[in-house]
Amino acid sequence: MMAFPARSATQVRQFHAVGLEHGGADEGAPGTRDYYAPDFYVAYLRDPDGNKLSCFYYHYDPAEDPGD
C-alpha cells in the first residue's frame, strides 16, 4: 500500500473523490480512524490496477474542518 500525506482533511476528501472519478474503488471512506489515533483522518482506494492507496492527515480537528 502506498500512503500519501495531506495538508488537510479537505485534501484527503479530494484525493478520494478524484480517485473514484478515475476508476478507483472505495476501500474506506474519508474519516477518522480512532484505532490509529483520534486525530488521524484517512481515506483508502484501490486503483484500476488493484493497488491499495491511502491519503492521510494527522492532527485533524473537526472544529476546524470546513466540511466542504
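Rings of Phe, Tyr and Trp, the last taken by its six-membered ring, are treated as a pair if their centres lie within 6.5 Å; planes under 30 degrees apart count as stacked, over 60 as edge-to-face, and the rest as tilted. With that definition in place, I turn to the aromatic cluster, which is formed by Tyr35, Tyr36, Phe40, Phe56 and Tyr58.

Two remarks on conventions, please. The model is predicted, so that local features need pLDDT of at least 70 and side-chain atom pairs count only at pLDDT 80 or more, whereas totals for chains, interfaces and linings use all residues. Residues are numbered from 1 along each chain as its sequence is written, and side-chain values use heavy atoms, with hydrogens and water left out.

Let me stay with the aromatic residues. A pair of aromatic rings is described by the distance of the centres and the angle of the planes. How many aromatic pairs does a search of the whole structure find? The search returns seven. One of them joins Tyr35 and Tyr36, a tilted pair with 4.8 Å from centre to centre and 55 degrees between the planes.

Tyr41 belongs to strand S3 and Tyr60 to the segment after S4, so that the pair links distant parts of the chain, 19 residues apart. Are these two residues buried or exposed? Both Tyr41 and Tyr60 are buried.

I now move to the sheet. Helices (H or I, at least four residues) and strands (E, at least two) are DSSP runs, numbered from the N terminus. Two strands pair if DSSP finds at least two bridges between them. The sheet is open and has four strands in the order S1-S4-S3-S2, with mixed pairing. S1 and S2 stand at the edges, each with a single partner strand, so one side of each is left without a neighbour in the sheet. Neighbouring strands are turned by 20 degrees against each other on average, direction ignored.

The individual pairings are as follows. Strand S1, residues 2–5, pairs with S4 in the parallel sense over four bridges, and Pro5 stands opposite Phe56 in S4. S3 and S4 pair in the antiparallel sense over six bridges; here the bridge partner of Tyr44 is Ser54 in S4. The hairpin of S3 and S4 has five residues between the strands, and Gly50 takes a positive phi near 95 degrees there. S2 and S3 also pair in the antiparallel sense, over six bridges, with Asp26 opposite Leu45 in S3.

Helix H1 packs on this sheet and touches S1, S2, S3 and S4. Its direction makes about 15 degrees with that of S3; axes are lines fitted to C-alpha atoms, for helices over the stretch in contact, and angles run from 0 to 180 degrees between N-to-C directions. Thr10 has its place in H1 and is buried, at 18% relative accessibility. Not counting residues up to four places away in sequence, Thr10 touches Pro66 and Asp68, where contact means heavy atoms within 4.5 Å.

Finally, the charged side chains. A salt bridge is a side-chain nitrogen of Lys or Arg within 4 Å of a carboxyl oxygen of Asp or Glu, and a search of the whole structure finds two. In one, Arg13 meets Asp65, with the closest N and O atoms 2.8 Å apart. Arg13 lies in helix H1 (residues 9–21) and Asp65 in the segment after strand S4 (52–57), so that the pair links distant parts of the chain, 52 residues apart. Arg13 counts as buried at 18% relative accessibility, and Asp65 counts as buried at 18%.

In the other, Arg46 meets Glu27, with the closest N and O atoms 3.5 Å apart. Arg46 is partly exposed, with a relative accessible area of 30%, and Glu27 is partly exposed, with 36%.

Conventions. Buried < 20%, exposed > 50% of the residue type's maximum accessible area, 1.4 Å probe, protein only.
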